[in-house]
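Welcome! Please have a look at the sequence and the fold before reading on.

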Amino acid sequence: KAGKKMLIFNEIDFEAEEPVIRSFEEIVSDCGQKIGKNEHTVSKGRKNMYFNRCFDPEKIRLNNIFESLLCIVALIILSGCTTNNQPGENYTTVSNERFTEPEEILMKEIFSLDSSVLKTPIDIKFDSAENFYIVEYRSPQIKKFSSSGIFQQSIVTELDSSIVSSLSVINDTLYIGFAKEKRLLKYSGDGSKLGETNFESEIPNEIELLDDNKMIGSFRTNLAKNEDTYLGIELKSTDNNFVQQKLISSFFGSYFHGNIDPEIRTFPFAVNRDNGLIYIGIDSDSSYRIYCYDHSINLRSVIDNKLPPVRFSKEELERRKEISKKFKTPALKSLNKPFIESLLVDGNNNLWVRRASDASRYGVDNSIFDIFDPSGLYKKTVLVRNAQRIDQIDMRGNKLFVTDPIHSSLIVYETGSVSGSVK
């Protein structure tokens with residue numbers, strides 16, 4: 001994979017989403033019980049977005065003083081909760097304190113697709129033959145292309161009047177999610193239906209295979225109440241029938257009034273099948289940590305990186321206002337960027353972390369990646385040009401795919417070597 005970014009603005013169909021999935025009180029009760037069991041990875045710099053899940057929105061609006069008191073109590077209780085490991089669980093911490101200036105990656109364009117072929121692409125997935133599948137914003141279909149970028153077909157499901165909310169490809173089978181209908185349809189790469197799974201409330205947003213009968217994925221629940229939309233996201237392992245095996249972390253809060261950044265995932269993750277590890281990040285703007293779990297969801301190590309917070313530039317804030325209007329996404333509540341934007345694993349088992357960068361130094365149209373070896377030690381930092389923060393970046397061998405929803409384009413590059421150590 002790895003660790004492909006799925007924009008949150010594709011997780012909610014504002015015009016068609018069913019208003020009630022579970023009772024608000026039931027969700028609040030569930031969240032309260034989970035917090036009491038200390039089963040959350042908590043973002044220290046952005047705790048307010050986690051606390052929203054534990055309060056009734058009517059109380060939030062009518063009694064701000066009471067909310068503040070509860071937040072103080074919650075801060076005291078949760079201030080030490082940075083992982084979900086159980087007492088007695090052993091793990092190592094890998095600390096990285098020295099980071100070098102980014103080296104520009106040498107890239108040669110192989111091919112590109114423009115707005116004559118794509119319309120606001122927001123996700124891309126690949127099969128074993130390196131064919132790729134594109135999800136477009138508010139579209140009912142999936143577009144299939146060959147590895148060289150030749151259009152193959154549009155895969156239209158039986159829900160041809162609905163909107164695709166997610167796509168995962170596992171063992172060359174397409175798992176196509178429809179949030180409104182709470183259905184996950186299984187299709188082959190040639191467009192034949194293979195089956196489906198219906199859900200009562202939550203629905204998978206992105207899933208990855210761990211072994212023959214285990215997957216990891218993010219699951220979401222949407223709830224509308226008092227003219228606001230509430231978003232619940234759980235990161236967990238399941239069996240192949242989507243029965244939960246282990247909850248890793250969860251979030252519940254107001255989509256429009258909470259501190260949600262719609263351009264990145266709440267729980268970015270990447271799976272490395274060669275070394276049996278799952279890399280998980282949280283959207284903290286104050287701590288830069290990656291949690292490394294084995295496929296049995298036991299915490300093995302924490303990659304702890306010492307870097308100062310990064311603020312949004314004025315140009316980025318203005319650009320975000322334009323994006324919020326176009327996609328009806330929340331305005332930014334924080335001036336600091338979450339450190340981790342996405343995670344990738346390359347062919348040499350190195351971990352690539354797309355992290356927050358200073359746009360005043362490196363530009364708003366470029367991205368920064370920190371590269372770590374399989375043990376978590378920092379190797380180097382690289383700069384990828386013409387890849388803004390909202391763009392999705394994927395790696396397949398020595399090819400880099402940059403999917404741009406704003407300009408409705410996909411550019412595929414051939415990259416040079418990234419091997420080497422810290423200078």
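Predicted model: local features only at pLDDT ≥ 70, side-chain atom pairs only at ≥ 80, totals over all residues.

Is Y175 buried or exposed? Y175 counts as buried, at 12% relative accessibility, where buried means under 20% relative accessible area, exposed means over 50%, and partly exposed lies in between (1.4 Å probe, protein chains only).

Residues are numbered from 1 along each chain as its sequence is written, and side-chain values use heavy atoms, with hydrogens and water left out.

**Aromatic rings**

A pair of aromatic rings is described by the distance of the centres and the angle of the planes. Rings of Phe, Tyr and Trp (its six-membered ring) pair if their centres lie within 6.5 Å; planes under 30 degrees apart count as stacked, over 60 as edge-to-face and the rest as tilted. The structure holds 15 aromatic pairs. Helices (H or I, at least four residues) and strands (E, at least two) are DSSP runs, numbered from the N terminus. F242 is buried too, with a relative accessible area of 10%.

Y288 and F339 make a stacked pair, because their ring centres are 5.4 Å apart and their planes are at 5°. Here Y288 sits in strand β18 and F339 in the loop between α5 and β20, 51 residues apart, so distant parts of the chain are linked. Both Y288 and F339 are buried. Elsewhere, F111, F126, F132, F145, F151 and F401 form one aromatic cluster.

A charge can also sit over a ring, which requires NZ of Lys or CZ of Arg within 6 Å of the ring centre and within 35 degrees of the ring normal. K236 does this over the face of F219, at 4.7 Å from the ring centre.

**Nonpolar cores**

In soluble globular proteins, nonpolar side chains tend to be buried together. A nonpolar core is a set of buried Ala, Val, Leu, Ile, Met, Phe, Trp, Tyr and Cys residues joined through side-chain atoms within 4.5 Å. The largest one has 20 residues, and I216, L235, I248, I278, I280 and Y293 have the most contacts inside it. At least two residues of this core come from each of β14 (228-238), β15 (244-254), β16 (269-272), β17 (277-281), β18 and β19. The most is given by β14, with three residues. Apart from this core lies another, of 18 residues, including I122, L159, I176 and L185.

What does I280 touch, not counting residues up to four places away in sequence? Its partners include I216, L235, I248, F269 and Y293, with contact meaning heavy atoms within 4.5 Å.

**Salt bridges**

Side chains of opposite charge can pair when their charged atoms come close. A salt bridge is a side-chain nitrogen of Lys or Arg within 4 Å of a carboxyl oxygen of Asp or Glu.

| Pair | N to O distance |
|---|---|
| K321 and E318 | 3.5 Å |
| R319 and D365 | 2.9 Å |
| E341 and R389 | 3.2 Å |

K321 and E318 are three residues apart in helix α5 (residues 314-327), so about one helical turn separates them. E318 is partly exposed, at a relative accessible area of 45%. R319 is partly exposed at 24%, and D365 is partly exposed at 35%. Both E341 and R389 are buried. These two also belong to a network of salt bridges that links D261, E263, R320, E341, R354 and R389.

**Two backbone exceptions**

Most residues other than glycine have a negative phi, and most peptide bonds are trans. I297 has a positive phi near 60°, and N386 has a positive phi near 55°. I297 lies in the loop between β18 (288-294) and β19 (299-305) and is buried at 2% relative accessibility. N386 lies in the loop between β23 (378-384) and β24 (392-396) and is exposed, with a relative accessible area of 54%.
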